[in-house]
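Reader: I would like to learn how to read the features of a structure like this one. Please take them one at a time.

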Amino acid sequence: MAIFKGILLLQSAIIPLFIKQSDQAQWMAWLYQKINMSEEQLRQLQRQLWNIADTLRGKMNADEFRDYILGFIFYKYLSEKVVGYANQFILSEDGLDYAQLNEQDEEGAEIVEIVKDSLLNELGYFLKPSELFGAIALRSKSDSKGQGYVLDDLQQILKNIEQST
């Protein structure tokens, strides 16, 4: 039950970003039934979530922020799909993890090419291990200068995805 509550709370942190404020009462009522929070606790949670969303988006318009976040969620989905397919159908016999491959060395580059051909046939797009959501997230954490190079990387990755299809 605790895991279920955690999942619901995580969803409640994301849903307010995408549901119109007028529809949120219905969502929050459903959430209340599922996790047995008092209505006051639910209102507090909703206020906190809106405050978090407002802080995250800064001066950005709420619609622009929603589009921005949806783009990231879609990119994460594409990355997970690549890793899942590559690991399950291509690399499972070798016990390799696609996300951990080093595309810079010869062996890794050969494996990435094999995976690329299969991914293009099955999924219709391709991401290198260094272009996966997790790899970009790790790079952004290690950016000591805070220069925001991740946006440049993302732009290039999106171009690569588009060109791979």
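## Reading the helices, core and charges

Author: Glu106 is found in helix H5. At 64% relative accessibility, Glu106 counts as exposed, because the cut-off for that word is over 50%. One caution before going on: the model is predicted.

Reader: What pattern does the protein chain follow along the sequence?

Author: The pattern is α-α-α-α-α-α-α. The chain has seven helices and zero strands. Of its 165 residues, 27% count as buried.

Reader: Which residues touch the most other members of the largest nonpolar core?

Author: A nonpolar core is a set of buried residues joined through side-chain atoms within 4.5 Å. Here the largest one has 22 residues, and Val82, Leu91, Tyr98, Val115 and Leu127 touch the most other members. At least two residues of this core come from each of helix H4 (62-90), H5 and helix H7 (149-164). H4 gives the largest share, six residues.

Reader: H5 also holds Glu106. Which residues form the negative surface patch?

Author: Asp105, Glu106, Glu107 and Glu110 form it. Glu106, a member of this patch, is the exposed residue we began with, at 64%.

Reader: Where does Glu113 lie, and is it buried, partly exposed or exposed?

Author: Glu113 lies in H5, which spans residues 106-122. Its relative accessible area is 43%, so Glu113 is partly exposed. Sequence distance and spatial distance can be read side by side for the pair Glu113 and Glu103: they are 10 residues apart in sequence and 9.2 Å apart in space, C-alpha to C-alpha.

Reader: Now the charge pairs. How many salt bridges does the structure hold?

Author: The general idea is that side chains of opposite charge can pair when their charged atoms come close. The structure holds four salt bridges. One of them joins the side chains of Arg43 and Glu40, at 3.3 Å from N to O.

Reader: Where do Arg43 and Glu40 lie?

Author: Both are in helix H3 (residues 39-57), three residues apart, which is about one turn of the helix. Arg43 has a relative accessibility of 40% and counts as partly exposed. Glu40 is likewise partly exposed, at 40%.

Reader: With which other residue does Glu40 form a salt bridge?

Author: With Arg47; the closest N and O atoms of that pair are 3.6 Å apart. Arg47 is partly exposed, with a relative accessible area of 45%.

Reader: Which residue forms a salt bridge with Asp153?

Author: Arg139 does, and the closest N and O atoms are 3.4 Å apart. Asp153 lies in helix H7 and Arg139 in helix H6 (residues 133-141), so this pair ties together parts that are 14 residues apart in sequence. Asp153 is partly exposed at 22% relative accessible area.

Reader: Which residues do salt bridges that share partners join into one network?

Author: Glu40, Arg43 and Arg47.

How values were computed. Residues are numbered from 1 along each chain as its sequence is written. This is a predicted model: local features need pLDDT of at least 70, side-chain atom pairs count only at pLDDT 80 or more; totals for chains, interfaces and linings use all residues. Side-chain values use heavy atoms; hydrogens and water are left out. Helices (H or I, at least four residues) and strands (E, at least two) are DSSP runs, numbered from the N terminus. Buried means under 20% relative accessible area, exposed over 50%, partly exposed in between (1.4 Å probe, protein chains only). Patches are made of residues with over 30% relative accessible area and no salt bridge: like charges are joined within 9 Å, nonpolar side chains (Val, Leu, Ile, Met, Phe, Trp, Tyr) within 5 Å. Accessible areas come from the Shrake-Rupley method with a 1.4 Å probe; for residues, only the protein chains shown count as cover. Lys and Arg count as positive and Asp and Glu as negative; His and the chain ends are not counted. The place of a charge is taken as NZ of Lys, CZ of Arg, CG of Asp or CD of Glu.
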